[in-house]
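Here are a few exercises to work through with the model open beside you. Try each task before reading its solution.

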Amino acid sequence: MNKKIIIANWKANPSTTVEAEKIFSSVSDSLNNLGQEMDIIICPPFIYLKSLSKIESDLKLGAQDVFWENSGPYTGEITPNMIKNLNIDYVLAGHSERRYKLGETDEIVNKKIKALLKNNLIPIFFFGEKDKTGDKESFIKNQLQHGLDGLNSEEIRKIIFAYEPVWAISTSENPKPATPDDLNDAIVILKKVIGDDAKVIYGGSVNGQNVGDFASVSGVSGVAVGGASLDPEQFAKIINTLDYKTK
Ligand code: PGA
């Protein structure tokens, strides 16, 4: 069986290093009795990566974003080699908040994914339709095809695909988690674009109650968690449920 993957996307939280260390350590302490090996990847704001990397833990770290060049006159940017030099392997790409709140286009996402692969970093590529109604298949196909433009199948196999419909994110207007059927439909579309051996996780209002339903969908390797990942008790529940359900 595939190794399970859980992504914790802290977004722009918390406000201090002390709080970040506290959340990280509480989650880490709750990992004692895991029944299987899992990749649990905490993605805090850049500024906390270094101090969190010094805490001994089975948790892994990921960055929430990256620039596509390795150095140069790009004020404010964090580059792939800076991340790699912190011994971090995972980076989020194409998250809907960056697309729709910060104007990131498919072309930018594509450049970032290429830069990550070139620097031996693993992209976690977020995709998913913006509205619940509409032509989901063509929206997703278009997003995937542009995001993966120019990559060969060996490169595509290294990517973790996170299906996250925007309408299901806990901070969207009237959020509603997707159903296992929605997830299954997205996997069918993904497979049409990239073939059978895609590594897929689900994100969007995942919590301790619903994680088992998503984990039970065939072909799903895990989940991406936003809001609930900042609450160590909730997050531990998600980890343990996934561990139990997929043993
Ligand atoms: P949520 O966020 O779990 O709070 O819905 C998920 C995400 O945006 O990655």
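A nonpolar core is a set of buried Ala, Val, Leu, Ile, Met, Phe, Trp, Tyr and Cys residues joined through side-chain atoms within 4.5 Å. Buried means under 20% relative accessible area, exposed over 50%, and partly exposed in between (1.4 Å probe, protein chains only). This is a predicted model: local features need pLDDT of at least 70, side-chain atom pairs count only at pLDDT 80 or more, and totals for chains, interfaces and linings use all residues. Residues are numbered from 1 along each chain as its sequence is written, and side-chain values use heavy atoms, with hydrogens and water left out.

**Exercise 1. Find the residues with the most contacts inside the largest nonpolar core.**

Solution. Start with the core itself, which has 62 residues; Ile6, Phe161 and Phe235 have the most contacts inside it. Next, ask which helix gives the most: H8 (residues 180-194), with 6 residues. Helices (H or I, at least four residues) and strands (E, at least two) are DSSP runs, numbered from the N terminus. Another core, of 12 residues, lies apart from the largest one and includes Cys43 and Ile201. Now take Phe235: leaving out residues up to four places away in sequence, Phe235 touches Ile6, Ala8, Val27, Ile40, Ile42, Val225, Ala228 and Ser229. Contact here means heavy atoms within 4.5 Å.

**Exercise 2. Work out which way the residues of strand S4 point, and which strands pair with S4.**

Solution. Begin with the side chains: in S4 (residues 90-93), Tyr90 and Leu92 point one way, Val91 and Ala93 the other, and all are buried. In a regular strand the side chains alternate between the two faces of the sheet. Then look to the partners, remembering that two strands pair if DSSP finds at least two bridges between them. S3 pairs with S4 in the parallel sense over 2 bridges, and S4 pairs with S5 (residues 122-127), also parallel, over 4 bridges. Finish at Tyr90, which stands opposite Gly62 and opposite Ile122 in S5.

**Exercise 3. Is Tyr74 buried or exposed, or in between?**

Solution. First place Tyr74: the residue sits in the loop between strand S3 (60-63) and helix H3 (80-84). Then check its relative accessible area; because the value is 35%, Tyr74 is partly exposed. Last, look for contacts: setting aside neighbours within four places in sequence, Tyr74 is in contact with Phe67 and Glu69.
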